[in-house]
Amino acid sequence: MRRLFRFLKANFQAFGRHWSVYVLLVVSINLVLTSLIVPGLTWGVNRLLVVNGIGYLTYTNFVSVLTKHPLVLISLVLLVLLICGLVYIQMAFLFRQIKRIQEQTPASQWQLLKQSGHDLLTLKPLTMLIMIGYFLLILPFGQIIFKSVLLNKVTIPAFIIQDMWTTPKIWGPIILVYTLALILSIRLITFLPETIFNKKLSTTRLLQKCWQTTRGRFWRLLIKVGVLAIAITLVGVLSQLLFFNLQRYYDQNLPHYALLLAILNLFILEIISQILLAMSIVMILQLILKQAGYLVPSETRVKVILKQRSLRIRMRQGAAMLLLILVAAGVALYDYAYLEGAMDNRPALISHRGVDDGNGVQNTIPALQKTAREKPDYIEMDIQETKDHQFVVMHDNNLEELAGVNRTVHELTLAELTTLTVRENGYSAKIPSFDQYLTAAEKAHQRLLVEIKVSPQDSPQMMTNFIKRYQQRLLKNGDRIHSLSYPVVAVLKKQALRLFVSFILPYNISFPETPANAYTMEATTLNAAFINQAHAGNQAVYAWTVNDPDVMQRLLLTEVDGIITDNLSDLKDVVAENNDHPSYATRLLIYSSQLAGFSGESEN
């Protein structure tokens with residue numbers, strides 16, 4: 001335990017000696033990435049698709065786009081390589097800067113940036129290939145070590161992870177992959193600095209050296225990384241609690257000045273969050289450099305510099321504080337609007353598959369009736385075409401998991417399907433036809449969000465039949481539609497203009513150009529930029545499937561238009577906490593928990 005305390009003390013002291021330079025470094029890189037590089041890459045992807053006449057890119061059309069547009073394939077591959085190259089330059093620049101700062105060696109920013117670019121260009125082909133694999137496979141799993149906004153989209157969507165963990169047959173492979181990623185993240189923790197500072201080694205020898213360097217130190221390194229992350233998180237949590245209690249005192253005893261003091265407190269918390277963000281990045285990278293043997297600070301020179309307190313150091317500290325103040329002031333207007341309630345956002349509350357916290361069997365009438373009593377804005381449910389061209393309420397194509405029958409929906413008629421019993425969450429119910437489900441929803445005065453699921457077995461007249469049978473009923477009840485199939489969306493927007501139709505997207509690759517009224521986006525890669533662009537085009541955005549209260553809170557701050565959840569009660573509580581006239585202290589706590597330095601999500 002003493003060693004851990006000494007380890008923490010040494011790291012905090014090392015950061016404290018040069019905090020101003022580190023803050024300038026990290027905040028400046030963040031600003032460049034978020035305001036120039038990432039928007040530029042996003043614009044490039046969008047223009048690439050527009051020029052080639054591609055309105056959207058998702059997994060349903062990904063293969064066909066790449067096979068029919070080889071130039072798009074080549075361009076996307078080059079774009080991925082460019083992103084990996086930029087991440088490498090970013091990492092090399094950070095490593096070189098930290099090494100220079102700790103060892104107090106002279107070098108200009110431009111010189112270090114050129115050296116970082118040269119580091120990339122001099123990589124051996126095999127080393128570069130391994131580096132790309134390292135970024136794409138290791139970092140998305142080991143983001144506690146380093147997270148870059150450039151790699152934010154190289155992540156596994158939450159719904160895929162949830163589906164994997166609900167399938168016991170593949171638990172073994174999942175655990176194996178995660179364990180392997182963790183082991184490689186630690187055992188190859190010195191890989192990047194070795195490629196930067198040790199170019200003479202062959203790729204094989206470089207990997208051998210990384211493996212030997214961490215031999216017998218796996219648990220020690222893992223504990224050190226964990227301790228640093230916990231310590232920085234604890235500082236953030238304590239800061240939140242301190243300012244929350246201060247604001248609660250102001251709310252109760254100084255009501256006339258409470259808003260002004262709340263803005264000031266949030267302003268200070270924004271500054272603290274940026275410092276913590278810089279601290280987390282620098283401390284982790286310092287640890288990696290020390291482990292690789294490339295960081296040997298000269299204590300004598302440090303003491304002399306600290307004693308002199310040169311004008312140059314004071315100027316850097318002043319510049320760092322000025323930058324922090326400008327960043328924090330940049331959100332001051334937003335803070336004011338949020339604290340005053342001007343940005344209160346009540347999204348549509350949507351129950352996923354008609355259940356709330358397992359209160360029935362998904363997509364069945366008893367669950368619908370029970371959930372409708374909680375008054376969600378919409379109940380999301382799924383329909384498919386049957387063998388006899390009718391419509392049944394069912395999510396899975398195969399009936400084995402819920403009904404115990406190893407047959408697909410398209411192999412059975414509606415009459416055969418509605419005799420089957422499905423079981424889930426300790427409940428059982430009959431499979432309903434869409435007509436039965438729609439009638440039950442109308443009686444309960446409950447609006448629906450109908451997902452139309454498609455398969456190769458669908459009849460050519462499926463959508464014509466659907467529009468003819470249900471358009472007027474859906475319009476009368478105020479129901480809406482969404483689908484993963486763009487042809488479904490296109491047909492509906494052409495033949496049933498009055499229906500509200502949303503296009504489901506499982507991944508935020510680029511902003512789509514479609515006539516859809518809305519986009520139903522999987523929450524993992526959904527961000528404010530996508531939502532703002534949709535709103536600019538008068539299109540709504542729904543997020544799915546959001547079961548974590550923290551993610552619900554984040555989405556509220558992005559002003560999403562609807563949230564689809566399995567836990568409707570939790571969502572109602574989170575929305576009420578935001579919108580039912582909360583105190584400034586409560587708003588302060590809610591907003592500050594989303595700041596990068598407190599949430600642990602590096603924007604870097």
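**Entry 1: helices α12 and α25**

I looked up where two helices meet: Ala258, Leu259, Ala262, Asn265, Leu266 and Leu269 in α12 are in contact with Tyr584, Leu588, Tyr591 and Ser592 in α25. Contact here means heavy atoms within 4.5 Å. The residues of this contact divide into 8 nonpolar, 2 polar and no charged. I counted Ala, Val, Leu, Ile, Met, Phe, Trp, Tyr, Cys and Pro as nonpolar, Asp, Glu, Lys and Arg as charged, and the others, Gly among them, as polar.

The model is predicted, with local features needing pLDDT of at least 70 and side-chain atom pairs counting only at pLDDT 80 or more, while totals for chains, interfaces and linings use all residues. Residues are numbered from 1 along each chain as its sequence is written, and side-chain values use heavy atoms, with hydrogens and water left out.

I then took the geometry of the pair. Helix α12 spans residues 258-292 and helix α25 residues 584-592; their axes come within 10 Å and cross at roughly 20 degrees. The axes are lines fitted to C-alpha atoms, for helices over the stretch in contact, with angles from 0 to 180 degrees between N-to-C directions. Helices (H or I, at least four residues) and strands (E, at least two) are DSSP runs, numbered from the N terminus. The crossing of α12 past α25 is right-handed, that is, the near helix is turned clockwise from the far one by less than a right angle.

**Entry 2: cysteines**

How many disulfides does a search of the whole structure find? I got 0, taking a disulfide as a pair of cysteine sulfur atoms within 2.5 Å. Cys84 does not pair because its sulfur is 18 Å from the closest cysteine sulfur, in Cys210, too far for a bond. For Cys210 the closest cysteine sulfur is in Cys84, also too far for a bond.

I checked burial as well. Cys84 is buried at a relative accessible area of 1%, and Cys210 is buried at 0%. Buried means under 20% relative accessible area, exposed over 50%, partly exposed in between (1.4 Å probe, protein chains only).

I found Ser455 in the loop between β6 (448-452) and α20 (462-477). Ser455 is buried, with a relative accessible area of 17%. From Ser455 to Ile325 I have 130 residues in sequence and 55 Å in space, C-alpha to C-alpha.

Gln471 lies in helix α20 and is buried at 15% relative accessible area. Leaving out residues up to four places away in sequence, Gln471 touches Phe466, Gln495, Ala496 and Leu499.
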